[in-house]
Amino acid sequence: MGKLIAKTAAYTLAAVIAAALILFGVVSLAAPSAMASFTDALGMDGACACYSVEAADRSGATDDLALAAERSYAAEHYEDAAVCGTRLLGAADFADYCALRDAATAGSSLIGGSYAQYAAGITASAQYYIGEKAEALSTATDALGGGFPQNNAVVYLVDAAQGKGDVSFCADILSALEGYSPSAEDEGEFTDFLAQLRGYCA
């Protein structure tokens, strides 16, 4: 009798586990956005990033692309961050989305400047990390838009390169900036940054 009860319990447990796995698979396929929220709540950064990318691929929505780029970057899934970030920067409503994010993230310690510069900065950095240095430099400098605000995309990119001790690439960035003339209000910021970068590259 005891063996029969044990077998029955084992079969029941196996059936419950199998059903849970099937349900998990169905939800994963049908609702990647929900799974992204679920894994995010559990602190499963890698899985959350993957589900976020899947959700963005399905919807193409700007907010989903932003989440996918940010979460992929945080999880060090740099290829996904570069792809989703590039799509985000090219979204037709990117400027409107940035305005909403700027209002929501004012004073954030993570985003020390505008959301547009943050998005371009992590995209450029992700491109750099996967070896797409020319694309990274183009992404960062294109984001400046005639200015040189604090915590801009070039600053993010230089931080990434300096983190790798990549003096050669920092020199490439310096060369690209040498002929740049930002708006008068940002000239002081730019001059100080350029002096620091020259010192690093010397």
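**Loops, salt bridges and cores in a predicted model**

Tutor: Ala75 lies in the loop between α4 (62-74) and α5. Please bear in mind that this is a predicted model.

Student: Is Ala75 buried or exposed?

Tutor: Ala75 counts as buried because its relative accessibility is 18%, and the cut-off for buried is under 20%.

Student: Which residues is Ala75 in contact with, leaving aside its neighbours within four places in sequence?

Tutor: With those neighbours left aside, Ala75 is in contact with Asp45, Gly46 and Ala49. Asp45 is 30 residues away from Ala75 along the chain, and the C-alpha atoms of the two are separated by 5.7 Å.

Student: What about Glu76, where is that found?

Tutor: Glu76 is also in the loop between α4 and α5. Glu76 counts as exposed, at 56% relative accessibility. Its phi is near 65 degrees, which is a positive value in a residue other than glycine.

Student: And what is phi for Asn151?

Tutor: Phi of Asn151 is near 55 degrees, again a positive value in a residue that is not glycine. Asn151 lies in the loop between α8 and α9, and with a relative accessible area of 32% this residue is partly exposed.

Student: Changing topic to charged pairs: how many salt bridges are there?

Tutor: The count comes to 6 salt bridges. As background, side chains of opposite charge can pair when their charged atoms come close. One of the salt bridges joins Glu54 and Arg58, whose closest N and O atoms are 2.9 Å apart.

Student: How many residues apart are Glu54 and Arg58 in helix α3?

Tutor: They are 4 residues apart in helix α3 (residues 45-59), so about one helical turn separates Glu54 from Arg58. Both ends of this pair are partly exposed: Glu54 has a relative accessible area of 31%, and Arg58 is at 45% relative accessibility.

Student: Which residue forms a salt bridge with Asp57?

Tutor: Arg87 does, and the closest N and O atoms of that pair are 3.0 Å apart. Arg87 counts as partly exposed at 34% relative accessibility, and Asp57 counts as partly exposed at 46%.

Student: What does Lys133 pair with?

Tutor: Lys133 forms a salt bridge with Asp166, with the closest N and O atoms 2.9 Å apart. This pair links distant parts of the chain, 33 residues apart: Lys133 is in helix α8 (residues 133-142), while Asp166 is in the loop between α9 (153-163) and α10 (167-177).

Student: Is Asp166 buried or exposed?

Tutor: Asp166 counts as buried, at 12% relative accessibility.

Student: Staying with α9 and α10, at what angle do their axes cross?

Tutor: The axes cross at roughly 155 degrees and come within 9 Å. That crossing angle makes α9 roughly antiparallel to α10, because angles over 145 degrees count as roughly antiparallel.

Student: Which residues make the contact?

Tutor: From α9 the contact takes Val154, Leu157, Val158, Ala161 and Gln162, and from α10 it takes Phe169, Cys170, Ile173 and Leu177. The residues of this contact divide into 8 nonpolar, 1 polar and no charged.

Student: Which residues have the most contacts inside the largest nonpolar core?

Tutor: They are Val154, Leu157, Ile173, Leu177, Phe193 and Leu197, in a core of 25 residues. The elements that give two or more residues to this core are α7 (115-129), α8, α9, α10 and α11 (187-201). Helix α9 gives the most, with 7 residues. In soluble globular proteins, nonpolar side chains tend to be buried together.

Student: What is Phe193 in contact with, beyond its neighbours within four places in sequence?

Tutor: Beyond those neighbours, Phe193 is in contact with Phe148, Val154, Val155, Val158 and Leu177.

Student: How many residues does the second core have?

Tutor: The second core is separate and has 22 residues, among them Val53, Ala91, Tyr115 and Tyr118.

Methods:
Residues numbered from 1 in each chain as written. Predicted model: local features only at pLDDT ≥ 70, side-chain atom pairs only at ≥ 80, totals over all residues. Heavy atoms only, no water. Salt bridge = Lys/Arg side-chain N within 4 Å of Asp/Glu carboxyl O. Buried < 20%, exposed > 50% of the residue type's maximum accessible area, 1.4 Å probe, protein only. Axes fitted to C-alpha atoms, helices over the stretch in contact; angles between N-to-C directions. Parallel < 35°, antiparallel > 145°, perpendicular 65-115°, else oblique. Contact = heavy atoms within 4.5 Å. Nonpolar A, V, L, I, M, F, W, Y, C, P; charged D, E, K, R; others polar. Core = buried A, V, L, I, M, F, W, Y, C linked by side-chain atoms within 4.5 Å.
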